[in-house]
Amino acid sequence: MANNGDSVLEMYLYETNSLLGQLDDIMLAAEQADTLSQEDVNEIFRIMHTLKGSAAMMEFEPLMTLAHRIEDLFYLIREETMSAIPEDDKPKLFNLLFKFIDYFRAQIENIELGKPLSNDIDNFVSIINTVIDKINGADAEKDESKQEAASASQSNAVNGYPYSLNIYLDEGCGMENLRAFMIVNDVKQCCSDFVTEPEDIDDTSVAPSIAKDGFKLHFSTVADRENAAKIIEPMGFVRNFEEVDNLSAAQNTETNQVEQTVNNEPVVKKEQAQPEVKEKPKETKQAPIVRAEKPKAQPAKENNSTQGHQIKQSLISVNLSKLDQLMAVVGEIVITEAMVTASPDLKGIEGVKLDNFNKSARQLRKLTDELQDISMSLRMVPVSGTFQKMRRIVRDMGQKLGKRARLTIVGEDTEIDKTIVDAISDPIMHIVRNSMDHGIEPDEKMRIAAGKNPEGEIILSAQNTGSEVIIKIEDDGGGVDSDAVLAKAIRQGLANPDVEYSKREILNFLMMPGFSTNTEVTEFSGRGVGMDVVKKNVEAVSGVVIMTSEFGKGSCTTLKIPLTTAIMDGMEVSVGDSIFTIPIQNIRQSFKATDEDIIHDAMKGEMICKMDNFYPVLRLHERYGLMPRAEKTEDGIFVWVETSEDSYCLFVDELLGEQQVVIKPLPSYLNTFGIKESGIVGCTILGDGNISLILDVSNLISSDSGYAMF
Amino acid sequence: MSDENLMFATEEQQAIYNKQQEVEEFATRKYLTFRTDNLLFGIEAEIVMEIITNYSATYVPMVPSYVRGIINLRGQIIPLLDMRQKLSIEPMDTDCIIVIDVEDIRIGILVDAVSQIIDIPIDTILPVPQHNAQKYVSGMCTMPDNSGTMLVLDCPLLLAN
């Protein structure tokens, strides 16, 4: 791997982005459930830790600080579980996290664009701090003591006094410092060789910390401590106390905890490790977490988290241009394979046995097929990433607009080409925003009055039909008032008042640039750019946008994008001297028929009955003005083709056979004649060097435009 | 020798020298001439990629008849324009194709025969009289050897619809 700064930065950006995505997912799920499971907390903690670490590595100071603070916050939550957070503050916590994600994303974007990072994180840090304080406040007793205990235990190892006694006073007994002083005095009666912690125990200023965390006595011998314990034990205001042995803290902690669970229970200490050396090295003083009422399963938790971490994805990131190169080479291989196995030279040597050649050719074909499948699948990514982002948009907009809506996602596992995913990400966002802003009714009462669920619903679905990807965004909101749209279109001079428009045409006005039904420009809409962007982006990947809407019931936007698979299976058919390729996935059946099978309608159209249904017949030679070889119906063959919209029978001269073809775009010069609309999407070079035109089955029948020759 | 002289030449002399060079470089332009029917056309040699023969075009439906189809030029798909039909002259079976590249659009032009590449002084190219302005012709000039008149083909105009 190249070790230059760029690749490190690239890795950082990639990693950080995916972590933020992960974080987003967790938070959205958590918000739904209105709590964070311990697993989530662990995960977030880990993510924060990684974010912090990598930001520190890249020397992105503000990012590091921020991640560090959140990490602190989640450290607390991890220790205390979500119950530490008061119910009212949960939304605040979620919002904080979302803001954090947004801020981080914006900063990452800045880094990507080479802009300087903003250092303005004080505001953020202070918000986080208040949240931390709140948790501490609400849960002061529990968690700060915990921290303090940990830190205090360090000072347990006062040199020469390895045997400590941690004493906790009754809650709310008051004047803690004085009471502590009394205890110290009493203990002094039986032994004098000990130190206290804090040292000036009668000082009023230490009272709160004693109240919270108790105080400690450090003894030099076990006997001293035992005596002291006997004195302390019967005292009324001592809630609890425990012996901490810094020599053998690890072994003893557990027994201590068990023994000390009940208050005022006679303490009989059986020291397992006798003091041999008084000054033990500090490494032995494992943090004795010794609060009896909180026997936390710390090790278990650690286990949990490591388990989660072990599921490592075996993924690498590859530059897209390399994949494109690979695809191009694979395309060439497929053509060349066909050229070799169908070489005209082979036809000249008839009579010669070609068994071995044929065997190898079959093997080659199989391998190229496999190679092609794999290389195609490399570019495929599931749409779930894009779809999940919409959850966030629905949530944010719902909060801001005061609408309740849920997003239902269907078919998020659908895999589509990376370029398509990128191209539809913005359009989907615009449509979802439109649905939230215009679709879902502003008032729940309106929804109830219309007999709908008070909570709005937006359904986002993806489907791969084999030849195209269909993305649907439906909402059950108010729908589009077509009269209002038409009126607006006329006002803006987009529509002609004298023309009667169909509903579909009216909806198409929505996609015109500058058209907005909003009278005011708001944060979310009103500039009339959204749907225009949708159309442009989708058309850029040669897709179409279809809008349907029923006033009062909701609306549905469908994006149909053809799969730009560079290689496909095609059926070669001939009409006269021309060869055409029909995509295999569009073909349902091919069959022979006679004139008697054909039914004529009043418009001189022809139909044929298949499986109890009538399908129109399209004679390709008539459509394209070719001279057919098969003049009579029975000489040619029908190919029953089907798309998501149409189904009809195509009449051609002859089937030449199935072949894998590499789609080449038509020269741009020809596109000026609207050849795409007349049903030709591209062309391909056949094994013998000839060119075959690839038919677009849905455009072939739906359009009667194009450049008429006759 | 001349370079050595230049080292000591006055600025005035340099200016004259440079001017001479310029004149020589820019006064003429190379044209590829070809015949279609009885007309002699010239295309700027710069935009000509190659001249090919013996290519059979694949018919493309739903386009004007002057588009003969597409050809496979070493893996590249190139549309083929029939010069005769574009000029509304009776089509003829010819197989001489000039592949040109105009503004990144690569296209083949089917002509009767390619003649030669010649240098034409720019100032001899005259505008086409307005009244009988030929289609797709941006200028005309008499051939240096007086063998006829060359019509300068305006390729962008030829490709525009």
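## Chain B: strands and the interface with chain A

In chain B of this predicted model, strand β3 (residues 48–53) and β6(B) run antiparallel and are joined by five bridges. Two strands are said to pair if DSSP finds at least two bridges between them. Helices (H or I, at least four residues) and strands (E, at least two) are DSSP runs, numbered from the N terminus.

Strand β6(B) also runs antiparallel to β7(B), with seven bridges joining them. Ile100(B) of β6(B) is the bridge partner of Val48(B), and in β7(B) the bridge partner of Ile100(B) is Ile107(B).

| Strands | Bridges | Direction |
|---|---|---|
| β3(B) and β6(B) | five bridges | antiparallel |
| β6(B) and β7(B) | seven bridges | antiparallel |

The hairpin of β6(B) and β7(B) has two residues between the strands, and in it Glu103(B) takes a positive phi near 50°. Strand β6 (residues 96–102) of chain B is mostly covered, with six of its seven residues buried; buried means under 20% relative accessible area, exposed over 50%, and partly exposed in between (1.4 Å probe, protein chains only).

Chain B as a whole has four helices and 10 strands. Of its 161 residues, 39% are buried. Among contacts (heavy atoms within 4.5 Å) in chain B with a separation of 6 or more, 53% come from residues 24 or more positions apart.

The interface brings 22 residues of chain B into contact with 25 residues of chain A. The two chains bury about 2100 Å² between them, 73% of it on carbon and sulfur atoms. Buried area is the accessible area (1.4 Å probe) that two parts lose on being put together, summed over both. In chain B, Tyr59(B), Met62(B) and Ile77(B) lose the most area to chain A, together 33% of what that side buries. The elements of chain B that give two or more residues to this side are β4 (67–73), β5 (76–82), β7 (105–111) and α4 (155–159). The residues of this side divide into 18 nonpolar, four polar and no charged; Ala, Val, Leu, Ile, Met, Phe, Trp, Tyr, Cys and Pro count as nonpolar, Asp, Glu, Lys and Arg as charged, and the others, Gly among them, as polar. Between chain B and chain A the count is zero salt bridges, a salt bridge being a side-chain nitrogen of Lys or Arg within 4 Å of a carboxyl oxygen of Asp or Glu.

Residues are numbered from 1 along each chain as its sequence is written, and chains are lettered from A and ligands numbered from 1 in the order in which they are written. In this predicted model, local features need pLDDT of at least 70, side-chain atom pairs count only at pLDDT 80 or more, and totals for chains, interfaces and linings use all residues, while side-chain values use heavy atoms, with hydrogens and water left out.
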